[in-house]
Amino acid sequence: MFSRFGRLVAWMMALTDIALINVAFVLAYLVRYKLQWFKAVEDGYLASYSFYVPVALVLTVILLGVYKVEGVYDQRRSRHWLDEVYEIVNGTTTGIMIIVFITFFIRPLVYSRLIFMYAGILIIVILGGARLVKGYLLGRLRQRGVGVDRVIIVGAGDIGRTVVANLVAEPKLGYEIVGIVDDNPDKGNADLGPFKGLGGTEQLGDIIDAGGVDEVIITLPWMYHRKIMSILNQCERRNIRARIVPDLFQMRLSRVQVEDLNGIPLLGVREPTISGWKLMAKRAIDVAISAVMLLILAPFMGIIALAIKIDSPGP
């Protein structure tokens with residue numbers, strides 16, 4: 001459920017960003033050419049906004065690609081607003097640098113550099129505000145049961161009860177508890193408040209097969225690692241997301257993805273952050289930036305080399 005809902009949110013945010021990026025660029029144009037803050041525009045360099053439309057469209061495409069690589073559109077429940085803003089700042093800075101380099105080589109004396117600085121600042125502010133609104137709306141939707149994941153808690157010990165308490169206390173995280181399984185009959189068959197005891201872990205596969213389960217949270221101690229691995233394999237075969245609440249021994253595991261549940265760490269298998277076309281896009285951006293920087297720094301390196309030659313002519 002969350003993956004489907006998360007993809008929908010990501011697409012909606014991308015479409016919203018397209019509109020907001022262009023709104024920010026229009027505002028940047030007004031600040032530069034109409035209000036003329038900080039520095040006046042000479043009459044010979046005045047330009048209509050239609051002159052900047054192609055640049056704004058290219059910048060939009062660049063920013064969407066960079067944002068994708070930066071992980072701006074990744075949907076994670078434990079993600080803080082400041083984390084999103086940080087990714088937007090990084091992506092916007094990179095995108096603005098790329099468009100400045102492009103316009104410098106196309107028409108270095110025509111396009112205003114200040115308009116790109118204004119656009120970058122406005123894009124960060126507007127998109128950061130949009131993320132605040134998104135977080136509020138998602139919280140309200142999840143409280144109403146929209147976009148929630150139905151989860152089974154494996155283990156009814158102290159850790160499992162703590163996880164249940166935190167899920168109940170934070171409905172905005174988007175979890176709905178289906179029930180609890182535990183191999184101890186006194187716990188596995190007993191209800192925990194409003195949540196049903198569904199039996200032992202041997203019944204977990206049948207419960208998942210019955211449908212209505214999106215995720216399994218495992219709260220067993222690491223001494224039961226074979227059972228934990230068996231549960232992970234069952235979930236993987238059924239394409240159900242499984243995550244583990246770690247103990248001290250599990251903190252040694254590598255290649256894990258950690259999310260926070262109101263102070264309780266949840267571990268899952270880390271998915272490749274960059275692969276396929278994303279890796280190719282990142283590589284292309286790295287090469288493009290490196291090439292541009294090399295062209296910019298080449299005259300300075302030539303001057304340094306000439307100075308060394310003059311100072312030390314050699315044999």
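Colleague: How many salt bridges does the structure hold?
Modeller: Keep in mind that this is a predicted model. The number of salt bridges in the structure is 6.

Colleague: Which residue forms a salt bridge with aspartate 17?
Modeller: In this pair the closest N and O atoms are 2.7 Å apart. Both residues of the pair are buried. The partner of aspartate 17 is arginine 131.

Colleague: How many residues apart in sequence are aspartate 17 and arginine 131?
Modeller: Aspartate 17 lies in helix 1, and arginine 131 lies in helix 4, residues 113-143.

Colleague: Which residue forms a salt bridge with lysine 134?
Modeller: The closest N and O atoms of this pair are 2.8 Å apart. The pair links distant parts of the chain, 50 residues apart, with lysine 134 in helix 4 and its partner in helix 3, residues 81-106. That partner is glutamate 84.

Colleague: Is lysine 134 buried or exposed?
Modeller: Buried means under 20% relative accessible area. Lysine 134 has a relative accessible area of 11%. So lysine 134 is buried.

Colleague: What is the relative accessible area of glutamate 84?
Modeller: Glutamate 84 sits in helix 3. This residue is buried as well. Its relative accessible area is 7%.

Colleague: Which side chain meets glutamate 215 in a salt bridge?
Modeller: The N to O distance is 2.8 Å. Glutamate 215 lies in strand 3 and its partner in strand 4, so the pair ties together parts that are 28 residues apart in sequence. The partner of glutamate 215 is arginine 243.

Colleague: What is the distance of the polar contact between the side chains of arginine 243 and glutamate 215?
Modeller: A polar contact requires N or O atoms within 3.5 Å. The side chains of arginine 243 and glutamate 215 are joined by such a contact, at 2.8 Å.

Colleague: Are glutamate 215 and arginine 243 buried or exposed?
Modeller: The cut-off for buried is under 20% relative accessible area. Glutamate 215 has 0% relative accessibility. Arginine 243 has 2% relative accessibility. So glutamate 215 counts as buried, and arginine 243 also counts as buried.

Colleague: In which sense do strand 1 and strand 3 pair?
Modeller: Strand 1 spans residues 149-154. Valine 154 has isoleucine 218 of strand 3 as its bridge partner. Over 4 bridges, the sense of the pairing is parallel.

Colleague: In strand 4, which residue is the bridge partner of glutamate 215?
Modeller: Strand 3 and strand 4 (residues 241-244) run parallel and are joined by 4 bridges. The bridge partner of glutamate 215 in strand 4 is arginine 241.

Colleague: Through which helix does the chain cross from strand 3 to strand 4?
Modeller: The crossing is of the β-α-β kind. Its hand is right. The helix, at residues 225-237, is helix 8.

Colleague: What is the phi of asparagine 239?
Modeller: Most residues other than glycine have a negative phi. Asparagine 239 is not a glycine, yet its phi is positive. The value is about 60°.

Colleague: Is asparagine 239 buried or exposed?
Modeller: Asparagine 239 is in the loop between helix 8 and strand 4. Exposed means over 50% relative accessible area. Asparagine 239 has 72% relative accessibility, so this residue counts as exposed.

Colleague: How far apart in space are asparagine 189 and glycine 200, C-alpha to C-alpha?
Modeller: Asparagine 189 is found in the loop between helix 6 and helix 7. At 56% relative accessibility, asparagine 189 counts as exposed. Asparagine 189 and glycine 200 are 11 residues apart in sequence. In space, C-alpha to C-alpha, their separation is 7.8 Å.

Colleague: What is the area of the nonpolar surface patch made by Val23, Val26, Leu27 and Leu30?
Modeller: One of these residues, leucine 27, has its place in helix 1, residues 2-35. Leucine 27 is partly exposed, with a relative accessible area of 34%. The area of the patch is about 270 Å².

Note on methods
Residues numbered from 1 in each chain as written. Predicted model: local features only at pLDDT ≥ 70, side-chain atom pairs only at ≥ 80, totals over all residues. Heavy atoms only, no water. Pairing = 2+ DSSP bridges. Helix = DSSP H or I, 4+ residues; strand = E, 2+ residues; numbered from the N terminus. Right-handed = clockwise from strand over helix to strand, strands pointing away. Patch = residues over 30% accessible without salt bridge, like charges linked within 9 Å, V, L, I, M, F, W, Y side chains within 5 Å. Areas by Shrake-Rupley, 256 points an atom, 1.4 Å probe, with all protein chains shown as cover. Salt bridge = Lys/Arg side-chain N within 4 Å of Asp/Glu carboxyl O. Buried < 20%, exposed > 50% of the residue type's maximum accessible area, 1.4 Å probe, protein only. Polar contact = N/O pair within 3.5 Å; in protein donor to acceptor, adjacent residues only side chain to side chain.
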